[in-house]
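Have a look at the picture, then read on.

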Amino acid sequence: MLSVKLEERVNIKFLVKLGKTFTEAYAMLKEMYGTECVSRTQVFEWFKRFKEGREMTEDDPRPGRPSTSKMDENIENIDRHLNIRGLAEITGIDKECVHQKFAQEWCQNYPLPRKGIKNEHLR
């Protein structure tokens, strides 16, 4: 099932291909989606992109650090015998994110190396 945002983009693309003007397309979208309709500015931006020949309705990739840097798959593949700094360097994940993930999940599953220390302080 398409998200509302993606559905609206598909409909904007369809209206462009039908030869509707921006004003007509925006009015139809407002009628169809009501308060859920994206802003007039967003409709205009996507209308312009499709009019210029864009076919893809998904967002363009964004520059910078990928949002997957905190994903569980990355964390699960880490050797737990390394220190936090080493883990951060190997994965390219921020040191604080590695520490937070370690404190939240790993300490609940693995015993701490020193006797007498409980995991409750990490929760």
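Valine 38 is partly exposed, with 23% relative accessible area; on this scale buried means under 20%, exposed means over 50%, and partly exposed is in between, using a 1.4 Å probe and protein chains only. You'll find valine 38 in the loop between H2 and H3. Helices here are DSSP runs of H or I with at least four residues, strands are runs of E with at least two, and both are numbered from the N terminus. Setting aside neighbours within four places in sequence, valine 38 is in contact with Glu8, Tyr26 and Val43, where contact means heavy atoms within 4.5 Å. Valine 38 also sits 9.6 Å from arginine 9, C-alpha to C-alpha, although the two are 29 residues apart in sequence.

A word on what you're looking at: this is a predicted model, in which local features need pLDDT of at least 70 and side-chain atom pairs count only at pLDDT 80 or more, while totals for chains, interfaces and linings use all residues. Residues are numbered from 1 along each chain as its sequence is written, and side-chain values use heavy atoms, with hydrogens and water left out.

Now the overall picture. Of its 123 residues, 28% are buried. Among contacts with a separation of 6 or more, 42% link residues 24 or more positions apart.

How do the helices pack? Two packed helices are described by the angle between their axes and the distance between the axes. The axes are lines fitted to C-alpha atoms, for helices over the stretch in contact, and the angles run from 0 to 180 degrees between N-to-C directions.

| Helix pair | Axes come within | Crossing angle |
|---|---|---|
| H1 and H2 | 10 Å | roughly 145 degrees |
| H1 and H3 | 9 Å | roughly 50 degrees |
| H2 and H3 | 10 Å | roughly 130 degrees |

Take H2 (residues 22-33) and H3 (residues 40-51), whose axes cross at roughly 130 degrees. That angle makes H2 oblique to H3; angles under 35 degrees count as roughly parallel, over 145 as roughly antiparallel, 65 to 115 as roughly perpendicular, and the rest as oblique. The crossing of H2 and H3 is right-handed, a label used when the near helix is turned clockwise from the far one by less than a right angle, with anticlockwise giving left-handed. Phe22, Ala25, Tyr26 and Leu29 of H2 make the contact with Arg40, Val43, Phe44 and Phe47 of H3. By class, that gives 7 nonpolar, no polar and 1 charged. Here Ala, Val, Leu, Ile, Met, Phe, Trp, Tyr, Cys and Pro count as nonpolar, Asp, Glu, Lys and Arg as charged, and the others, Gly among them, as polar.

The axes of H1 and H3 cross at roughly 50 degrees, which makes H1 oblique to H3. H1 passes H3 in a right-handed crossing. On the H1 side are Arg9, Ile12, Lys13 and Val16, and they meet Val43, Trp46, Phe47, Phe50 and Lys51 in H3. This contact has 6 nonpolar, no polar and 3 charged residues.

H1 and H2 make a right-handed crossing too. Val4, Glu7, Glu8, Asn11, Ile12 and Leu15 of H1 meet Ala25, Met28, Leu29, Met32 and Tyr33 of H2, and the residues divide into 8 nonpolar, 1 polar and 2 charged.

Which charged side chains pair up? The whole structure holds 5 salt bridges, each being a side-chain nitrogen of Lys or Arg within 4 Å of a carboxyl oxygen of Asp or Glu. In one of them, arginine 9 pairs with aspartate 59, with the closest N and O atoms 2.8 Å apart. Arginine 9 lies in helix H1 (residues 4-17) and aspartate 59 in the loop between H3 and helix H4 (72-76), so the pair ties together parts that are 50 residues apart in sequence. Arginine 9 is buried at 7% relative accessibility, whereas aspartate 59 is partly exposed at 38%.

Lysine 13 does something along those lines with glutamate 55, at 3.1 Å between the closest N and O atoms. Lysine 13 is in helix H1 and glutamate 55 in the loop between H3 and H4, so this bridge joins parts that are 42 residues apart in sequence.
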